[in-house]
Amino acid sequence: MSEKDDKVPAEESSPAESPARTDGPTASSTSGEGEPGAKSGSEDATATKSPETKPAGRSSSALVDTVLTTAAAIFLALVIGAVLMALSNQEVIDSMGYFFVYPWDFFTRSFDVVTTSYGALLKASLGSGEAVSHTLNRAAPLICAGLGVSLAFRSGLFNIGAQGQIILGTLAASYVGFTWDLPAVLLLPTSVLAGILAGALWGAIAGLLKAATGAHEVISTIMLNSIAASGILAYALGEMKSFQRPGDELGLPQSPPVPDSAAFPEVFGVHLGVLLAILAAVVVWWLLTRSTLGFELRSVGANPDASRTAGMSTGKVFILTMAIAGALSGLAATMLINGDQASNNASLVGTIGFDAITVALLGRGTPLGSVLAGLLFGALAVGGGAMQTSSAGTAPEIVQVVQGLIVLFVAAPAAVRWLVRQRRKEPTDTFAAKEATA
Amino acid sequence: MKKTARIAVALSLAALALTSCGERPSDNDSDASGDPSSSESSTTPKESHPDFKACMVSDSGGFDDKSFNQTSHDGLVKAKEDYGIQTAEAESKSDSDYASNLENLAKAGCKHISTVGFLLGDATEAAAKKHKKIDYSIVDFGYEKPAKNVKGLGFATDQPAFLAGYLAASQTESQIVGTFGGAKIPTVTIFMDGFAKGVDYYNQEKDADVKVVGWDVDKQNGSFTDDFENQSKGQSLAEALIRQGADIVMPVAGPAGLGGLQAVKQADKKAIWVDTDGCVSAAEYCDLLLSSVMKGMDVAVEDAIKSSIDGTFTNEPYTGTLENGGVSLAPYHEFDGDIDQATKDEIEDLKAKIISGEITVS
């Protein structure tokens, strides 16, 4: 198992070691093969496959490479977003009608639209203390759920089930929060714990199915998502009076928000759940790199057959991994219920469970990457709302297009390199690309 | 380089060909650019209040949901045209957007903010308490104790649905009519209640025995797609109703209902549309539609904005009824010739009785 040199050394290695492109050919020859089932472990591409040759140096240059590729992907996505923004603006369209008479109009107006829109985005997501607090609150569930998907990636499991796990988490956390009559000191932790456990349970089912029957986790998690959303959530909100607001004659399908005693305390508008999200990232990092379970997990991810031969129980790893991934999704659910004090309804979770997959992809399956990607997507989500109320009136869908493009470019680093003329000899060397080849 | 240059020339020629006939608007005062999109703004508004800004926040369905967000948004657009006001809008992508969208619009200087749907109930109330100088209206929702600056806009859609049920019962050949909903929420089931009661009323009056499938008034249970988007779900539900013998189907499921119309078309049956006049909003199915149960969300929104412009805004909830025209039964369009005059008169008579209170629908 050659995984010892993955994430941590990469971060810790000193810059002095970094000009170590010398061993590039080795990396390309090994990473090109993409061993079967090796979905995990390769966050940055790196050097996971040939540990004999200067692991630290290679990791650090690979890290630089990853950062560059990601930055280039974000930049390119923003540029394309800018073009779309300009071309979807009525004034710019009008100015194209007389482009050859007053070509300058087209450019000034496009420039205005793009700067106004991105200006509004930046201002709303980072421009003030309040803006930053909005971004952090928005990022928290994405970070948690992203961590859950990342962790599963590392053990070779493609966890599409974050959505269902979050839904179960919201149900448990909100139900405990608004019905149990506990003193405030206990109510918040109980409600949060309920959310985490419900998510863990829902995740563990997929792991159990895989361990016991070999059922593919992609299929089973998708099915579990449907059961959670169309089955349990719809039934609870639609049919169970105890989930609906007391005294609501109409029987609207929504729960009450949890009381203040079950809400995360706020500091400067940031609820403390955000701290829990960061803490969760640290725990996941520790788990992956410093614990026996983490070693087994990455080992199974790299090669389940070899791990089994080495005496590991792959079934145990699958179940535990999915349970922990589900627990992280459950934690994401508490960010909505106990953090935002949102009322539970059919659209509460929205697409967070699926955004978590893109967070994990962009974060290359690493804890730090998930935090950064979650923050980026949180900022984009907050800023996207502000773009449409700015004078440019840019559609918030642009933000989703930008998010999609970022992930697309990250997944296709060769295309990005070609586009930015950052020619290097290494082929597919990202987490996502390896996913594809594996 | 040669290749690049060739491409550049080709592109600029294409651009030239495509754009050569445009003119800069400021060159000539009148709107002569020939651009259809700018000609809309040239219709002279009845009034002009350039300082008044009306705004709207959608729920997570977005303004292009071909359903209540879109119809409400039409009201905002109409208010802009009719009263010469400024508008702004914020489309919500998730529940987390509601509060921030409302706050952004308040900062943007809106004087009247409309929100759409019960999901925004809490956020709208919170915003109204924070910004006491802004008027708020919320479509399809009402508060028990509304804040001074929030107006709930409700609709007694069971009234026109009652008429539609009566109409369907009079037109069915199989003696079975059907309906299904997008979700079991009050704003949907009220249509189905009215429809079934209209059928019952016909049975009483005419001593007939027309059955309703897809909705049981007493048990308050029936067929739902649990999805307002997925047309294939609407289609399979409508097919199931048709298999049960229904020859007239009323889908109450927004865009998912379009799948229902597709099923009706394939089976060569008839349908009744809801929310808007189906012969306008889903014109390709007009030849199937006996009529439509119209819910005037656009009218209600426009009226609420108007009252803010005039300074007559109150927090008294609005309820669209047959009497005030907030809800209505659409024209019969292609079936106008098929429906006999007696039935038409009976429906007019029923409408009058509902308005006078002689018949209570709910």
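# Report on a predicted two-chain model

In this predicted model, the secondary structure of chain A comes to 18 helices and 2 strands. Chain A has 438 residues, and 56% of them count as buried. Of the contacts in chain A between residues at least 6 apart in sequence, 77% join residues at least 24 apart.

## Domains

Both chains have a domain assignment. In chain A, domain 1 covers 64-127 + 397-438 and domain 2 covers 139-362. The C-alpha centres of domain 1 and domain 2 of chain A lie 32 Å apart.

In chain B, domain 1 is made of 49-155 + 299-320, and domain 2 of 158-295 + 332-356. Their C-alpha centres are 30 Å apart. The contact between them takes 8 residues from domain 1 of chain B and 7 residues from domain 2 of chain B. On the side of domain 1 of chain B that touches domain 2 of chain B, 2 residues are nonpolar, 3 are polar and 3 are charged.

## Where the chains meet

Across the two chains, 32 residues of chain A are in contact with 33 residues of chain B. On the chain A side, α4 (90-96), α6 (129-154), α9 (217-239) and α15 (367-389) each supply at least two residues. The largest share, 5 residues, comes from α15(A). By class, this side of chain A has 15 nonpolar, 13 polar and 4 charged residues.

## A residue of chain A

A:L186 belongs to helix α8 of chain A, which spans residues 184-213. Is A:L186 buried or exposed? A:L186 counts as exposed, because it has 12 C-beta neighbours inside 10 Å. A:Q244 is 58 residues from A:L186 along the chain, and the C-alpha atoms of the two are separated by 23 Å.

## The parallel sheet of chain B

One open sheet of chain B has 6 strands in the order β2-β1-β3-β4-β5-β13, with parallel pairing. Its edge strands are β2 (86-90) and β13 (318-320) of chain B, each of which pairs on one side only. Neighbouring strands of this sheet are turned by 20° against each other on average, direction ignored.

Within this sheet, strand β1 (residues 53-57) of chain B is joined to β3(B) by 4 bridges. B:A54 has B:H112 as its bridge partner in β3(B). Helix α4(B) lies across β1, β2 and β3 of chain B and runs at about 170° to β1(B).

Helix α5 (residues 121-130) of chain B has the buried residues B:G121, B:A123, B:T124, B:A127 and B:A128. Seen down the axis of α5(B), these buried residues fall within an arc of 165°, so they line one face of the helix. What covers the buried residues of α5(B) includes the helix α4 (97-107) and the strands β3 (112-116), β4 (135-139) and β5 (150-155) of chain B.

## The mixed sheet of chain B

Another open sheet of chain B has 6 strands in the order β7-β6-β10-β11-β12-β14, and the pairing is mixed. The edge strands here are β7 (211-213) and β14 (327-329) of chain B, each pairing on one side only. From one strand to the next, the twist averages 15°.

| Strand pair | Sense | Bridges |
|---|---|---|
| β10(B) and β11(B) | parallel | 2 bridges |
| β11(B) and β12(B) | parallel | 5 bridges |
| β12(B) and β14(B) | antiparallel | 3 bridges |

In general, the strands of a sheet pair through backbone hydrogen bonds, either parallel or antiparallel. Strand β10 covers residues 248-252 of chain B, and strand β11 covers residues 270-275. The bridge partner of B:I248 in β11(B) is B:K270. B:V274 stands opposite B:V293 in β12(B), and B:M294 stands opposite B:S328 in β14(B).

Why is strand β12 of chain B described as largely enclosed by the rest of the structure? Strand β12 spans residues 289-295 of chain B, and 7 of its 7 residues are buried, so the strand is largely enclosed.

Helix α9 (residues 256-267) of chain B lies across β6 (176-181), β10 and β11 of chain B, and runs at about 165° to β10(B).

Conventions: Residues are numbered from 1 along each chain as its sequence is written. Chains are lettered from A and ligands numbered from 1 in the order in which they are written. This is a predicted model: local features need pLDDT of at least 70, side-chain atom pairs count only at pLDDT 80 or more; totals for chains, interfaces and linings use all residues. A residue is buried if 20 or more other C-beta atoms lie within 10 Å of its own, exposed if 12 or fewer, and partly exposed in between; C-beta atoms are placed from the backbone. Domain bounds come from an automatic or database domain assignment. Ala, Val, Leu, Ile, Met, Phe, Trp, Tyr, Cys and Pro count as nonpolar, Asp, Glu, Lys and Arg as charged, and the others, Gly among them, as polar. The arc is that of the directions from the helix axis to the C-beta atoms. Two strands pair if DSSP finds at least two bridges between them. Axes are lines fitted to C-alpha atoms, for helices over the stretch in contact, and angles run from 0 to 180 degrees between N-to-C directions.
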